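Biologist: I would like a close look at a single part of this model. Please keep it brisk.

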Amino acid sequence: MEKSTKVFNKPKVELHIHLDGSIRPETILYFAKKKQLRLPGVESAEDLRRQIACTKAGSLMEFLSKFEIFMPIVAGDREAVKRIAYEFVEMEANEGVIYTEVRYTPQLFANCKIDPIPWGQEEGDLSPDEVVDLVNQGLKEGEKDFNVKVKSILCCMRLTPGWSSDVVQLCKKYRNDTVVAIDLAGDGLKNEAHPDHLKAFKEAEQCGIHRTVHAGEAGPASEVREAVDVLNAERIGHGYHAIEDPELYSRLLKMDMHFEMCPWCSYITGACDADFTKHPLIQFKKDGANYSISCDGPLPNGKHLDNDYAIVQKYMGFTEEDFMRAVITLF
């Protein structure tokens with residue numbers, strides 16, 4: 001994964017980054033070899049990077065399709081799950097991050113006690129509950145070794161609403177063991193208000209579990225409105241298109257709603273104009289909105305967090321003071 005020159009050398013915070021989007025290609029190849037699986041056209045980690053990384057503007061579905069290449073290799077493997085979590089913390093330390101919240105869907109790493117079983121796996125014996133426990137082990141060992149404070153967010157998936165009840169139960173079980181919030185992720189144009197998602201978020205709210213929602217990335221401003229008014233989100237993942245609804249945007253500014261901005265990923269997924277000088281983040285900054293800067297997932301992005309910082313400095317006029325403000329705006 002290509003790295004850019006650092007433009008901000010002070011400690012960073014990263015609030016929107018996916019565990020399954022942060023796996024080292026070398027780790028994927030290790031487990032492919034262990035399972036005697038061959039990836040067509042892949043002889044090295046660099047080959048795998050090139051095959052997975054998005055390099056130009058596309059679509060959210062194209063971006064999400066990249067996970068089908070490597071997730072079948074690591075899903076259902078206890079050693080892989082814990083190692084991925086541990087190596088994630090090391091990666092964040094290398095990026096100068098001192099506090100991070102990593103998100104993932106436990107079911108996507110599991111192979112039993114879920115319906116449907118993901119990635120075409122045969123049924124095994126790794127449950128979503130044990131996945132969370134293994135991730136927590138890896139994160140906590142990484143915290144100790146790399147001096148990074150790490151929390152986790154468990155994601156419901158829009159296209160599998162049947163998983164949402166289990167996700168919120170896992171949030172409740174592990175709320176004092178790294179887990180700090182629930183999320184709703186996936187293709188934002190489908191199943192936005194499915195009753196199972198609504199029920200899970202309502203239960204999370206009643207239990208005092210924080211809530212963030214992917215909205216206004218590929219989808220319109222109405223998706224952000226629903227995230228706030230129906231799911232009672234406290235943070236918005238992306239939210240770029242909120243500015244297209246002046247009444248909603250003004251209300252969110254008054255609410256001090258936090259937006260998790262991922263500039264490079266917004267280009268890769270086609271969420272925003274390919275011209276970064278027209279990016280919605282410029283308007284958010286001008287209006288004093290509450291936001292942070294994250295990379296979303298360096299494996300499919302082909303870039304690390306430093307690249308996002310370089311983009312907003314070069315094309316959006318960010319100063320060190322602007323970076324400092326983005327770092328401290330936590331909910």
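Biologist: What covers the buried residues of α10?

Modeller: This is a predicted model. The cover over the buried residues of α10 includes α9 (221-229), β7 (258-261) and α12 (280-286). Helix α10 itself spans residues 246-255, and its buried residues are L248, Y249 and L252. These three sit on the same side of α10, because they cover an arc of only 95° around the axis. The general rule is simple: an α-helix has 3.6 residues a turn, so residues three or four places apart point the same way. P246 and K254 are exposed on the other side of α10. Just after the helix comes D256, with a positive phi of about 60°.

Now the wider setting. The largest nonpolar core has 100 residues. I28, F88, I236, F259 and Y291 touch the most other members. Helix α5 (residues 78-94) supplies the largest share of this core, 7 residues. Take I28 as one case. Leaving aside neighbours within four places in sequence, I28 is in contact with I23, L39, L48, I52, F70, I73 and L299.

Last, the open space. The largest pocket has a volume of about 710 Å³. It is lined by 34 residues, and L64, L108, W119, M157 and G186 are the closest to its centre. Helix α3 gives the most to this lining, 5 residues. Elements that each supply at least two lining residues include α4 (67-74), β3 (149-157) and β5 (210-215). By class, the lining has 17 nonpolar, 10 polar and 7 charged residues.

Terms used: Residues numbered from 1 in each chain as written. Predicted model: local features only at pLDDT ≥ 70, side-chain atom pairs only at ≥ 80, totals over all residues. Heavy atoms only, no water. 1 Å grid on protein atoms, 1.4 Å probe; cavity = no way out; pocket = protein on both sides within 12 Å on 5 of 7 lines; lining within 4 Å. Points joined across faces, edges and corners; volume = space filled by probe spheres on them. Helix = DSSP H or I, 4+ residues; strand = E, 2+ residues; numbered from the N terminus. Nonpolar A, V, L, I, M, F, W, Y, C, P; charged D, E, K, R; others polar. Core = buried A, V, L, I, M, F, W, Y, C linked by side-chain atoms within 4.5 Å. Buried < 20%, exposed > 50% of the residue type's maximum accessible area, 1.4 Å probe, protein only. Contact = heavy atoms within 4.5 Å. Arc of directions from axis to C-beta.
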